[in-house]
Amino acid sequence: MGHKCFISFKTEDIDYKNYIQNNLDVDMIDKSLNEPINSDDEDYIMKKIRADYLSDSTVTICLIGIRSSENLGWDEQRFIKRELQASLYHGQGNSKSGILGVVLPSMYDTVYTGSGICQTCGNSHNHVAINDSTTVKEFSYNYYIPHNKCAWSEDDRYCVLVKWDDFISSPNDYIDKAFDKRTQPVASKTKVKP
Ligand SMILES: [Zn+2]
């Protein structure tokens, strides 16, 4: 068993959540935020979600499907946004969690769009469409943490990204990678509410 995981997913992707639960050796909490926490105190909301839903999990796995985008709006995405915010929340008595994005097969062609020669450095960069039309900002910001270079190396990212097929072949390798980010320098550059 590896690190304890919380899975953030849209209802339409529940079959994938069930697959992880039933077929993979992943230590997971089977909970989902499904009602709003009513308070004006943001710290209270974060603490409450951590205590009642995320418990002692240290990695949040986000399933990225066709209905996971920021562009679908707050009403549609409020639960996954809150789950991710609470995961990134570094409070008293809890460290922020690692974030592992798993791109579901229906999104492969949308997210992985090939590579191209960079105008700035002349090298080839892979194009990975993690943005408002594929994920919520809590994920995309912490995947492409702003900097002034032409490309992102693995060390420039807090979120770890993997295709579903690679994830299910060795889930705990990717979970470990996301867990290890918590103590790397990039962990100081994350944002809870981008
Ligand atoms: Zn470049």
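**View 1. Strand S1 is covered on both of its faces.** On one side of strand S1 sit Cys5 and Ile7, on the other Phe6 and Ser8, and all of them are buried. Please keep in mind, as you look around, that this is a predicted model. Strand S1 spans residues 5–8 and pairs with strand S3, residues 59–64, in the parallel sense over four bridges. Within that pairing, cysteine 5 has valine 59 of S3 as its bridge partner. S1 also runs parallel to S2, and two bridges join them. Here phenylalanine 6 has isoleucine 29 of S2 as its bridge partner.

**View 2. Five strands come together in an open sheet.** Follow the strands in the order S2-S1-S3-S4-S7, with parallel pairing. Strand S2 (28–29) and S7 stand at the edges with a single partner strand each, so one side of each has no neighbour in the sheet. Now look for helix H7, residues 171–180, which lies across S1, S3, strand S4 (98–103) and S7. Helix H7 runs at about 140 degrees to S4.

**View 3. Four protein residues hold donor atoms for the zinc ion.** They are Cys118 (SG), Cys121 (SG), His125 (NE2) and Cys150 (SG), and they lie 2.1 to 2.4 Å from the zinc ion. The site is tetrahedral, with angles of 103 to 114 degrees among the four donor atoms. Along the sequence, the spacing of the donor residues reads C-x2-C-x3-H-x24-C. Histidine 125 and cysteine 150 link distant parts of the chain, as they are 25 residues apart. Histidine 125 belongs to strand S6 (residues 124–128), while cysteine 150 is in the loop between helix H5 (137–143) and strand S7 (160–163). Cysteine 150 is partly exposed, with a relative accessible area of 36%.

**View 4. Cysteine 121 sits in a loop between two strands.** Those strands are S5 (112–117) and S6. With a relative accessible area of 34%, cysteine 121 is partly exposed. Find alanine 151 as well: its C-alpha atom is 9.2 Å from that of cysteine 121, though the two residues are 30 residues apart along the chain.

**View 5. Glutamate 70 makes a polar contact with lysine 81.** The two side chains meet at 2.8 Å. Glutamate 70 has its place in the loop between S3 and helix H3 (74–88). Its relative accessibility is 17%, so glutamate 70 counts as buried, the limit being under 20%. Leaving aside residues up to four places away in sequence, glutamate 70 touches Lys81, Asp132, Thr135, Val136, Lys137 and Glu138.

View 6. Serine 55 has a phi near 45 degrees, a positive value in a residue other than glycine. A polar atom of the side chain of serine 57 lies 2.7 Å from the backbone oxygen of leucine 54. Not counting residues up to four places away in sequence, serine 57 touches Lys4, Cys5, Phe6, Ile29, Arg50 and Ser97. Among these contacts you will meet Cys5 and Phe6 again, both of them buried residues of S1 from the opening view.

Methods: Residues are numbered from 1 along each chain as its sequence is written. This is a predicted model: local features need pLDDT of at least 70, side-chain atom pairs count only at pLDDT 80 or more; totals for chains, interfaces and linings use all residues. Side-chain values use heavy atoms; hydrogens and water are left out. Donors are N, O and S atoms within 2.8 Å of the metal (3.2 Å for Na, K and Ca); water is not among the atoms, so sites may look incomplete. Four donors count as tetrahedral if all angles lie between 85 and 135 degrees; four count as square planar and six as octahedral if opposite donors are over 155 degrees apart and all others between 65 and 115; anything else is irregular. Buried means under 20% relative accessible area, exposed over 50%, partly exposed in between (1.4 Å probe, protein chains only). Two strands pair if DSSP finds at least two bridges between them. Contact means heavy atoms within 4.5 Å. Axes are lines fitted to C-alpha atoms, for helices over the stretch in contact, and angles run from 0 to 180 degrees between N-to-C directions. A polar contact is a pair of N or O atoms within 3.5 Å; within protein, one must be able to donate a hydrogen and the other to accept it, and residues adjacent in sequence count only if both atoms are side-chain atoms.
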